[in-house]
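Please look over the sequence and the model before reading on.

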Amino acid sequence: MPKPAAALNIDPLIVTVRDQRVILDADLAALYGVSTMVLNQAVKRNQERFPKAFVFQLTRYEWVNNLKSQIVISRFHGGRRSSPYAFIEHGALMAANVLNSPQAIQMSVALIAAFIRLRQALAADQAMAKRLAEIENTVLTHDAALRDLYQKIRPLLLPPPDPPRRKIGFKADD
């Protein structure tokens with residue numbers, strides 16, 4: 001029996017490839033309760049619904065060097081013979097429409113919510129980075145002003161010089 005959408009943690013399945021947040025075909029198929037082959041066949045049968053902006057196939061380099069080391073793959077008894085497809089948010093939703101099963105529809109809602117959460121987290125991180133840069137700039141400006149002020153106050157903090165001493169002895173008035 002499949003887990004309810006709320007119980008699944010979909011966020012780790014979403015990876016960044018070509019500066020886009022995507023989910024790989026095997027993970028998407030597992031979420032939708034179908035085999036990867038069924039999902040990929042549905043995509044190929046409905047190519048007009050899946051433009052390159054919605055789904056793309058990873059290059060061998062992207063798959064082997066970047067993602068394969070992060071994902072556990074069986075080297076024996078099967079495994080992938082071709083590079084996986086990467087679905088962006090709209091492609092994942094379109095795949096649910098093509099599959100048209102109750103589990104696919106339920107999981108597509110959870111998947112879209114995960115993409116939204118990641119987008120909001122990224123926006124929050126960017127806002128935080130911008131604010132930290134502003135604070136750093138302010139601190140550097142204040143540091144320079146404080147350094148200048150210290151240089152001006154420093155002579156005032158030194159003890160006053162000793163007053164001239166009177167010479168000892170008799171002095172004749174002229």
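Two strands are said to pair if DSSP finds at least two bridges between them; helices (H or I, at least four residues) and strands (E, at least two) are DSSP runs, numbered from the N terminus. The model is predicted: local features need pLDDT of at least 70, side-chain atom pairs count only at pLDDT 80 or more, and totals for chains, interfaces and linings use all residues. Residues are numbered from 1 along each chain as its sequence is written, and side-chain values use heavy atoms, with hydrogens and water left out.

**The sheet**

Four strands form an open sheet in the order β1-β2-β4-β3, with antiparallel pairing. Its edge strands are β1 and β3 (55-57), each of which pairs on one side only. From one strand to the next, the twist averages 45°; for such angles, axes are lines fitted to C-alpha atoms, for helices over the stretch in contact, and angles run from 0 to 180 degrees between N-to-C directions.

Strands β1 (residues 14-17) and β2 (residues 20-24) are antiparallel and joined by four bridges. They form a hairpin with two residues between them, and Arg 18 in the turn has a positive phi of about 55°. Two residue pairs of this hairpin are listed below.

| Residue | Opposite residue in β2 |
|---|---|
| Val 17 | Gln 20 |

Helix α5 lies across β1, β2 and β4 and runs at about 150° to β2.

**Helix α1**

The buried residues in α1 include Asp 25, Leu 28, Ala 29, Leu 31 and Tyr 32, where buried means under 20% relative accessible area, exposed over 50% and partly exposed in between (1.4 Å probe, protein chains only). Seen down the axis of α1, its buried residues fall within an arc of 160°, so they line one face of the helix; the arc is that of the directions from the helix axis to the C-beta atoms. Their cover includes β2, α2, β4, α4 and α5. Just after α1, Gly 33 takes a positive phi of about 75°.

**The nonpolar cores**

A nonpolar core is a set of buried Ala, Val, Leu, Ile, Met, Phe, Trp, Tyr and Cys residues joined through side-chain atoms within 4.5 Å. The largest has 25 residues, of which Leu 28, Tyr 32, Phe 87 and Leu 111 touch the most other members. Elements giving two or more residues to this core are α1 (25-32), α2 (36-45), β4 (85-87), α4 (89-99) and α5 (102-157). Helix α5 gives the most, with seven residues. A second, separate core of nine residues includes Val 15, Phe 56, Leu 58 and Ala 86.

How values were computed:
Contact means heavy atoms within 4.5 Å.
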